[in-house]
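Here are a few exercises to work through with the coordinates open beside you. Try each task before reading its solution.

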Amino acid sequence: MLDHLYRRATVVDGTGGASYVADVGIRDGRIAVIERGSHGRAAVKAGGRLGERARTEEDADGLVLAPGFVDPHTHYDAQLFWDPYATPSMSHGVTTVVGGNCGFTLAPLDPARPADADYTRRMMSRVEGMPLSALEEGAPWDWSSFGDYLDALEGGGIAVNAGFMVGHCALRRYAMGADAVGGTPDEAQSRRMLALLHEAMDAGAWGLSTTQSDTHTDGAGDPVASRHALPGELLALARAVGEHEGTQLEAIAAGCLDRFSAAEAELLVGMTEAARRPLNWNVLTIDSAVPGRVPHQLAASERARTRGGRIVALTMPILTPMNMSLGTFCALNLIPGWGAVLALPVPERIDRLRDPAVRAELLRGAASPEAGVFRRLADFGRYVIGDTYTKENDGLTGRVVRDIAAERGTDPFATLVDICVADELRTVLWPMPTDDDPASWELRRRAWDHEDVLLGGSDAGAHLDRMCGAPYTTRFLGDCLRGRRLVPLERAVRMLSDEPARLFGLRGRGRIARGWCADLVLFDPERIDAGAATLVRDLPGGGARLDARAVGVVSVRVNGVETVRHDVVTGAVPGRVLRSGRDTETVGTGNF
């Protein structure tokens, strides 16, 4: 008997081929039957027998059945302990998440140094925007090795499939202690770091993630540990990754957000060449105002191929709104010259922001070449006022700053600062995107055709009260079906499922095929979309995060078990911790 049967579903199987109508049956967590063209009551054929029954079945006439989506860049490392459903990603059809990105993981931790766990929590709170109270109260922190961490996740039960890179920062901290920040490892520490990496991959880590980005600082405001690594250290770690089956590299550099320097590009090329494994980076920003950025960034991929490597750029197929504030850490802090002012205590910060000379200096930094991609945040007249907190700001929510400035006869930046100061800097700010023009979308469509460009970069699980990238899957599908229609549905599904699954070498996932894992999403093509992001307070310790409802998603199944029905989680936790070698196969750089 089948466990479940979809009748008359429109199957978009993830291969990019034409959709077809079929009955699809599940048994023991896998797709057991695909019977095309059946009508009326399903004629199910499985194991050579006709008429096999199913414990449950549903009429999927007019609905699309697709493989579960694979999100290649998340930070669910901590959240899965208090939220095994990986909300909101799973509600938007994501059945497999990749974590441990950007060099940051919660393991390994040296049990002889309890303070390392506190350091890690404070670093994650600062660099990835996770409330410290949620990290302190929501996870057990009772592991030492990376394998212990994976076992802790598995033992608690998760609803999605999850695989994790091991973070360079954690390896350095374990091997070097406090010297990881600012120090260079001696020979013994280098051997220890390599041994920890091998141990992590033996336990199932998908490979190594690292960061050299100057936007990444720890809880004390110092550059995170991996930023102090010299190229020789990174190349040695990359070679170790190549000694294990089913592994990868992921790396972040300062130039990821704008343009790689020659040294950065050479480092990335050298790492993939040394490992003979794909390396992915996040995130390729596409904007018609900077048409040369994409070819410049992808030149590193072309060079890697000539040297036996492969570099893949992740890029988002939607524009993710960013929630800004002058009161809490956000992207504004990363503009040159802004961090020092915005790190001051609020009363002193307000005094500085009221100073015309300080405002002029901040504007110079925001418009400087050094600001790179953050220059997009400098058009302050295009900001929309979000939540306000004082009577003085009543009626401003939802209004554009340039319109308020025109009414007041003041400069837009001065107007924005005055509004925020009246709220003691609690005002929520929403910058309007500058890259929502037809030319930018055409550049995106062309970039998606490149063999070394992959959709992703949601950062789901991070920057919780500042952005909500998790719904990129449903929002993209809705745009493909009823919006810009930049790519057909079959290709869009492949870009969200099979392409990331093949990059990571996932065994039996990413397609609808007999014998493959029954990670499936059933949706209404007339409605598929994502709702607006709203602030909810459901984190351990009462912290807030942005959430967005899924629209038109009828059902999500992970390993054959329903986990979501009409945007409501079922409570089932059939997900698996996916381990390298066992659940992933080696994807060599010549496999493409």
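**Exercise 1: Arginine 55**

Arginine 55 lies in strand β6 (residues 54–59), where strands are DSSP runs of E with at least two residues, helices are runs of H or I with at least four, and both are numbered from the N terminus. This is a predicted model, in which local features need pLDDT of at least 70 and side-chain atom pairs count only at pLDDT 80 or more, while totals for chains, interfaces and linings use all residues. Residues are numbered from 1 along each chain as its sequence is written, and side-chain values use heavy atoms, with hydrogens and water left out.

Task: is arginine 55 buried or exposed, and which residues does arginine 55 touch, not counting those up to four places away in sequence?

Solution. 
- Step 1: Arginine 55 has a relative accessible area of 55%, so it is exposed (over 50%; buried is under 20%, and partly exposed is in between, with a 1.4 Å probe and protein chains only).
- Step 2: Leaving out residues up to four places away in sequence, arginine 55 touches Met1, Leu2 and Asp3 (contact means heavy atoms within 4.5 Å).
- Step 3: With aspartate 3, arginine 55 makes a side-chain to side-chain polar contact of 2.6 Å. A polar contact is a pair of N or O atoms within 3.5 Å; within protein, one must be able to donate a hydrogen and the other to accept it, and residues adjacent in sequence count only if both atoms are side-chain atoms.

**Exercise 2: Two helices**

Task: find the angle at which α13 and α14 pack, and say which residues meet.

Solution. 
- Step 1: Helix α13 (residues 401–408) and helix α14 (residues 412–422) pack at about 100°, their axes 9 Å apart. Axes are lines fitted to C-alpha atoms, for helices over the stretch in contact, and angles between N-to-C directions run from 0 to 180 degrees.
- Step 2: That makes α13 roughly perpendicular to α14 (65 to 115 degrees; under 35 is roughly parallel, over 145 roughly antiparallel, and the rest oblique).
- Step 3: From α13, Val401, Ile404, Ala405 and Arg408 meet Pro412, Thr415, Leu416, Asp418 and Ile419 of α14.
- Step 4: Nine of the eleven residues of α14 are buried, so this helix is largely enclosed by the rest of the structure.
- Step 5: At the start of α14, a side-chain oxygen of aspartate 411 comes within 2.9 Å of the backbone nitrogen of phenylalanine 413.

**Exercise 3: Cysteines**

Solution. 
- Step 1: There are zero disulfides (pairs of cysteine sulfur atoms within 2.5 Å).
- Step 2: The closest cysteine sulfur to that of cysteine 169 belongs to cysteine 102, and at 9.8 Å it is too far for a bond.
- Step 3: Cysteine 256 is in no disulfide either, with the sulfur of cysteine 102 the nearest at 8.8 Å.
- Step 4: Cysteine 169 is buried at 3% relative accessible area, and cysteine 256 is buried at 2%.
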